[in-house]
Amino acid sequence: MLPLATFSLAVLACLLTGYTLHKTRLVHLLLHELRDQGRQDNAALFRQMEALHALYTELRLRRSLPATRGWAASPDFLLELARHALSERPRTVVECSSGTSTLVLARCMQLNGSGKVYSLEHDPHYARATRAELARHGLADWAEVLDSSLTAQEFRSATWPWYETAGLPGERIDMLAIDGPPQATRRLARYPAGPALFARLAPDAAVFLDDAKRPDEQEILRRWANEYPEMQQQMLNCEKGAALLRYRPSTARQPGRFATSP
Ligand SMILES: C[S@@+](CC[C@H](N)C(=O)[O-])C[C@H]1O[C@@H](n2cnc3c(N)ncnc32)[C@H](O)[C@@H]1O
């Protein structure tokens with residue numbers, strides 16, 4: 001028979017060993033998770049660098065683009081915009097929010113030798129900054145930044161802060177890029193792009209929505225899918241999520257018209 005003290009010590013040692021093994025396993029799992037996360041972060045960053053490099057190459061840029069992190073559209077989204085604009089040569093391009101995307105699209109118009117970008121910008125400071133960048137790149141003739149304050153407007157029986165659009169031209173829109181207004185302005189801040197602008201789209205027009213991984217943008221896409229069955233939706237593999245919608249009037253409930261008007 002073991003004396004009680006020895007027995008107690010043996011039990012304590014077993015408990016301590018079990019506890020240490022448990023903690024060691026947790027640390028091991030955590031290290032694996034950190035390693036996997038690190039690999040994923042590196043791969044994602046590398047992908048953005050490849051997209052940025054592709055932009056500089058395909059657009060043959062002679063001057064540097066402003067930052068493409070944080071508030072700006074990411075390189076992968078900008079590359080989607082550029083490739084579409086270069087291959088489909090839209091004549092009238094409208095943008096909700098200005099910035100690096102305005103430069104990229106304006107450069108595409110310049111390379112195409114046709115088309116014009118109209119960028120709705122609510123903040124006069126960023127409107128001036130984008131105009132200065134357009135001038136620095138020699139692109140002022142290919143894009144117009146419109147001072148478009150966000151005013152209370154009614155869409156589907158609710159009020160939204162939405163761009164003043166009086167400065168837009170009368171022509172049909174061939175390409176629409178939606179990267180504003182900022183999320184903080186209201187829940188589902190970009191929803192009004194549908195009721196405010198979809199009725200102006202040319203047949204086969206393309207609509208790009210940035211930040212489509214966010215719950216707000218996912219709900220906006222669900223609403224648009226219900227309200228605009230003529231708009232075929234497709235998700236793009238971009239870091240912040242993006243959606244491409246094509247206006248196919250042939251799929252409309254009333255051919256040639258939107259099922260719901262603004
Ligand atoms: C998502 S950002 C627009 C980004 C733009 N499409 C681009 O590619 O750069 C939406 C709005 O944020 C504002 N904005 C732009 N750059 C910003 C910055 N660096 N910090 C804070 N706000 C910014 C502008 O008013 C812009 O309309």
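Modeller: Axes are lines fitted to C-alpha atoms, for helices over the stretch in contact, and angles run from 0 to 180 degrees between N-to-C directions. Helices (H or I, at least four residues) are DSSP runs, numbered from the N terminus. This is a predicted model, where local features need pLDDT of at least 70, side-chain atom pairs count only at pLDDT 80 or more, and totals for chains, interfaces and linings use all residues. Residue numbers start from 1 along each chain as its sequence is written.

Biologist: At what angle do the axes of H2 and H3 cross?

Modeller: Two packed helices are described by the angle between their axes and the distance between the axes. Here H2 (residues 75–88) and H3 (residues 100–112) have axes that come within 9 Å and cross at roughly 20°. Therefore H2 is roughly parallel to H3 (angles under 35 degrees).

Biologist: Which residues of H2 and H3 meet?

Modeller: Contact means C-beta atoms, placed from the backbone, within 7 Å. In H2, Leu78, Leu81, Ala82, Ala85 and Leu86 meet a set in H3 that includes Val104, Leu105 and Leu111. The contact of H2 with H3 has 9 nonpolar, 3 polar and no charged residues. Ala, Val, Leu, Ile, Met, Phe, Trp, Tyr, Cys and Pro count as nonpolar, Asp, Glu, Lys and Arg as charged, and the others, Gly among them, as polar.

Biologist: How many residues surround the ligand?

Modeller: A residue is near a molecule if its C-beta atom, placed from the backbone, lies within 6 Å of it. The ligand has 15 such residues around it, and Ala72, Ala73, Ser97, Gly99 and Ser101 are the closest. This shell holds 5 nonpolar, 7 polar and 3 charged residues.

Key:
Helix = DSSP H or I, 4+ residues; strand = E, 2+ residues; numbered from the N terminus. Parallel < 35°, antiparallel > 145°, perpendicular 65-115°, else oblique. Contact = placed C-beta atoms within 7 Å.
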